[in-house]
Amino acid sequence: MSAAPKWAGLVLAALLLAACKDEPEAIPGAPNEPVAAVEALADALRDGDLARYSALSLPPALQAPRAALWRQQMDAATPADDANAERYASLMAEMLAPEAEAALWAKAEPRLATMEQELGPRWTMGVTMLSGFASAAIASDDRLSEAEKGHAGGVVKAFAAWAGDQAAFTNREHARAALNIAVQTARELDLPTVDAMRALDYDPMLEKAGIAFRGAKAMAAVYGLDADAALGEITAEVIALDGASAVVRVRYPLLGDEVVFEQPMLQIDGGWYRED
């Protein structure tokens with residue numbers, strides 16, 4: 001998978017991190033270039049422009065090799081099995097059909113009603129169990145530092161609190177608005193088959209990924225998770241600087257809380273980029 005969509009997902013998750021304690025002080029007089037680089041990445045995500053985000057994520061000399069690697073990976077990937085390919089094509093056919101919004105809502109509304117009646121307390125129990133499993137997996141992952149475990153735990157806690165209100169997710173107005181956005185996004189993507197998706201080269205893939213990303217943000221906003229508002233109020237400051245290496249502390253306001261995480265940066269050929 002491309003680094004850009006992956007990083008986009010990580011940034012949206014980072015928006016839900018709990019604020020760190022005992023934060024180091026910002027460095028007075030530190031150069032603004034690492035801060036500007038982080039802010040430019042955030043602006044690209046807010047605009048849903050993953051092509052621009054990709055261009056800002058790697059030095060120019062590495063752009064062509066990354067595009068070539070994408071093509072190699074797609075060519076070498078195991079083809080989707082017939083059943084999965086058929087399910088995808090059937091779903092897209094429904095979403096691309098004329099009057100798809102009305103037809104899909106006619107199927108979805110009774111399912112929402114059933115969910116509302118049958119789940120009840122089990123919804124809360126399910127969310128609690130899933131968050132517990134996720135917390136345990138994070139705690140036992142030796143690849144994560146203690147700081148990363150704390151951050152990931154904050155993500156799980158925030159998502160569990162957000163997802164715990166079943167009424168918000170079975171609300172008919174919200175569900176119908178989200179379904180309409182999903183249909184509009186599918187029409188704009190215009191990828192009716194798995195083969196059509198896999199045939200994309202790197203730049204067209206980023207354009208399509210941007211469409212999907214903007215659609216996902218719009219659907220999340222229907223349910224109260226406004227990533228664009230948070231990205232629009234990002235602040236950053238340099239808290240560590242050693243030649244061509246820096247650490248930038250990034251802050252986002254989200255859902256009434258202040259979110260904080262630290263981003264290591266590297267200077268390469270005069271530009272600043274995320275270390276990872």
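In what order do the four strands of the open sheet stand, and is their pairing parallel or antiparallel? The order is 1-2-3-4, and the pairing is antiparallel. Here a strand is a DSSP run of E with at least two residues, a helix is a run of H or I with at least four, and both are numbered from the N terminus; two strands pair if DSSP finds at least two bridges between them. Strand 1 (235–242) and strand 4 (271–274) each have a single partner strand, so these two form the edges, and one side of each is left without a neighbour in the sheet. From one strand to the next, the twist averages 35°.

This is a predicted model, in which local features need pLDDT of at least 70 and side-chain atom pairs count only at pLDDT 80 or more, while totals for chains, interfaces and linings use all residues. Residues are numbered from 1 along each chain as its sequence is written, and side-chain values use heavy atoms, without hydrogens and water.

Seven bridges join strand 1 to strand 2 (residues 245–254) in the antiparallel sense. L241, for instance, has A246 in strand 2 as its bridge partner.

Helix 4 (residues 63–76) contains 14 residues and spans 20 Å from its first C-alpha to its last. Its buried residues (under 20% relative accessible area, 1.4 Å probe, protein chains only) are R66, W70, R71 and M74. They lie on the same side of helix 4, because they cover an arc of only 140° around the axis, taken from the directions from the helix axis to the C-beta atoms. On the other side, A64, Q72, D75 and A76 are exposed, that is, over 50%.

How values were computed: Axes are lines fitted to C-alpha atoms, for helices over the stretch in contact, and angles run from 0 to 180 degrees between N-to-C directions. The expected span of a helix is 1.5 Å times one less than its number of residues.
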